[in-house]
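Okay, everyone, thanks for coming. Let me put the sequence and the model up, and then I'll talk you through them.

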Amino acid sequence: MIDKNKILKIITSSPTLKIFKETQKIEFLSFYNQLESLLKRDIPYGEIGEKFVFCIAITFGDRGEWNMFDKGVLALKIKEGLLDENNVILSNAKGDVINVVRGTYINNYVEAEEFSEKQSQFVFFIKYMEVHLFMNGKAIYYIVNIMRPSRVGVDTPEMLPAREYRKLITNHHDRHVYKERGSFKYWRNKAKRILIDKPEIQFNKNLYSYLNLNIADGHVDRGATISGMEDRTDIRIMTFESGEIYIIEIKCLGKTKLSSSEKSDERANEGLIQLGIYLKDEKDSKTGVLVLYDGRKENKDIIWDPEIEWHPQMDRNPMRFFLESESASAKAKKIYAKMKKRK
Amino acid sequence: MSENSPQMLQDNKTFRRSNEILYVFYSADELDLPSLSKIGIQKCIYLCEILSPLKEIILSFLNFIYYHKGPFSKDITNISDHLVALDGIEVDSFSTYGKYSYVNYKITEAGKSLVESLIYDPTEKEKLQWIKIVMRLIDAYKDAFDLSEEYSGVDKIIDLVYQEPSFYEIKQRNGKGELIPMGDKNNLTMELIHFLEKVEESLPPKFDREKYKLDLETVLLAFFEYLYVKYLSEKAQT
């Protein structure tokens, strides 16, 4: 029997179909499949630091001096420092390395996107276990952690229907956000509880990637437009069966290096209003939920403005996740000190 | 002997089959694929044939049965040996899997010349083009993560072929020796293909359906990706 949802997931979200639609080159699929195998099997993540980054730009022609897909070769070259000063590998679609581009070191995905645009190239940006894929400056695909199952449509134990969005968002937090358990690092300074810059974008990408793999019956979008409007939702889920829409609005509370003060209740209330606008405009919406990642110093409830009108489709319980920054022992010390004080 | 005598018809059929097997080797050579063992040849031809109704290509269908290493056609083994004797293909290397060793073959210069003369006939050219499309996808998927670690080269697609719907159905009921329905527009494989051909119609109107219309090559790609995803799902459960 055909698993229709699996097929529809593949058609709407598979990296291989996206690559082929953009490039019309089967060679690039082959490259993608081999690169996925290489990154999953061959890169010594235990030995390289989490700040490890490199880029692969694909070009045509020339046979190279070595092939990055030969077992152990790239890993060895990384250990020998091949990518310490310059980190862009120019390779053909078979993985033959033509050279390492001189005078070029790409630090983040924004620079990789620009590089892809300037050089009109198919570019992979790999930051530790995170993989971004660009074609001529256009983001094609993003994998939050290559070591997780990264193929859309694969049955996972965490897979659930869209209507179970609360459980899915909670599972994402528990497995990948809580105490920076996964590869996603959101603290700039954990002791002072300073978040990384533009944290919402990072939480958005991370949650999107998780939902994309784990929603069983729908397509997940980032930055999808509301029907006939300019507005773009953070994350939108559209089910295959009925076309019902679930909207997720993400806000981060707390302080970043760039912000002068801690974002708190005001930010949360703004999020609620924003979500209300989306729900009003999106006639097919089933529900909308506000998700707060809370990096404030104190773990306290949000004070909701009583004047805000809650849209009928809005989930009445916004989801707030307090971002832990203390180890269990430090936390235990504080709790016990408080207990002693009370005595 | 008349052109329509049973002997002549049988000979023609054998020739056509030999040509098609040669096209597989020719495509493999063009794609710079490693030489093919009999396991790999069986799987490549099986996929080319079971998918051929999609392009309404008429291949001289072989009888494939459910065998312990996937779909198997005795004719392919015989014809390959025959092609070696005729210098169309030659022994290139050996692969050892467990207790067994397998011969790997590649096309010879004489074999290539023969193919190049055969494709003056547009029907033959079309067959070659079709086989090439399927072989390119086989090439793209053979190195996908986690596929058949114990095998090498093209033989690695064995795990994908196990997921092929017409074969899978027989495998599920353990129908060893059973004939796999080839060239049938209504078998499970074609049911999946027909679904993919009009996949956008299965999406609610809210989706941008035009965006998800698939052309022939993308239908095939989606088919391969489906097999791969099914394989990974099955593996995740065990």
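Predicted model: local features only at pLDDT ≥ 70, side-chain atom pairs only at ≥ 80, totals over all residues.

Residues are numbered from 1 along each chain as its sequence is written, chains are lettered from A and ligands numbered from 1 in the order in which they are written, and side-chain values use heavy atoms, with hydrogens and water left out.

So, the interface. Here 40 residues of chain B are in contact with 43 residues of chain A, contact being heavy atoms within 4.5 Å. The buried area between the two chains is about 3400 Å², with 67% of that from carbon and sulfur atoms; that's the accessible area (1.4 Å probe) that two parts lose on being put together, summed over both. Phe145(B), Lys206(B) and Tyr226(B) supply 19% of what chain B buries against chain A, more than any other three residues.

Between the chains we count 6 salt bridges, meaning a side-chain nitrogen of Lys or Arg within 4 Å of a carboxyl oxygen of Asp or Glu. Glu149(B) pairs this way with Arg41(A), with the closest N and O atoms 2.9 Å apart. Helices (H or I, at least four residues) and strands (E, at least two) are DSSP runs, numbered from the N terminus.

On to packing. A nonpolar core is a set of buried Ala, Val, Leu, Ile, Met, Phe, Trp, Tyr and Cys residues joined through side-chain atoms within 4.5 Å. Buried is under 20% relative accessible area, exposed over 50%, and partly exposed in between (1.4 Å probe, protein chains only). The largest core has 144 residues, and Ile56(A), Phe124(A), Trp130(B) and Phe224(B) touch the most other members. Helix α9 of chain B, residues 216-237, gives the most to this core, with 12 residues. Apart from it lies another core of 30 residues, Tyr208(A) and Ile235(A) among them.

Now α8 of chain A, residues 265-281. Its 17 residues should span 24 Å at 1.5 Å a residue, and the end C-alpha atoms are 25 Å apart, which agrees; the expected span is 1.5 Å times one less than the number of residues. Buried residues in α8(A) include Asp265(A), Leu272(A) and Tyr278(A). Asp265(A) also sits in a salt-bridge network with Asp294(A), Arg296(A), Asp301(A) and Arg320(A).

Asp221(A) is in strand β10 of chain A. Buried or exposed? Buried, at 18% relative accessibility. Its side chain makes polar contacts with the side chains of His219(A) at 3.1 Å and Arg236(A) at 2.6 Å. A polar contact is a pair of N or O atoms within 3.5 Å; within protein, one must be able to donate a hydrogen and the other to accept it, and residues adjacent in sequence count only if both atoms are side-chain atoms.

Asp29(B) lies in α1 and Lys112(B) in α4 of chain B, so the pair ties together parts 83 residues apart in sequence. Asp29(B) is partly exposed at 37%, whereas Lys112(B) is buried at 19%.
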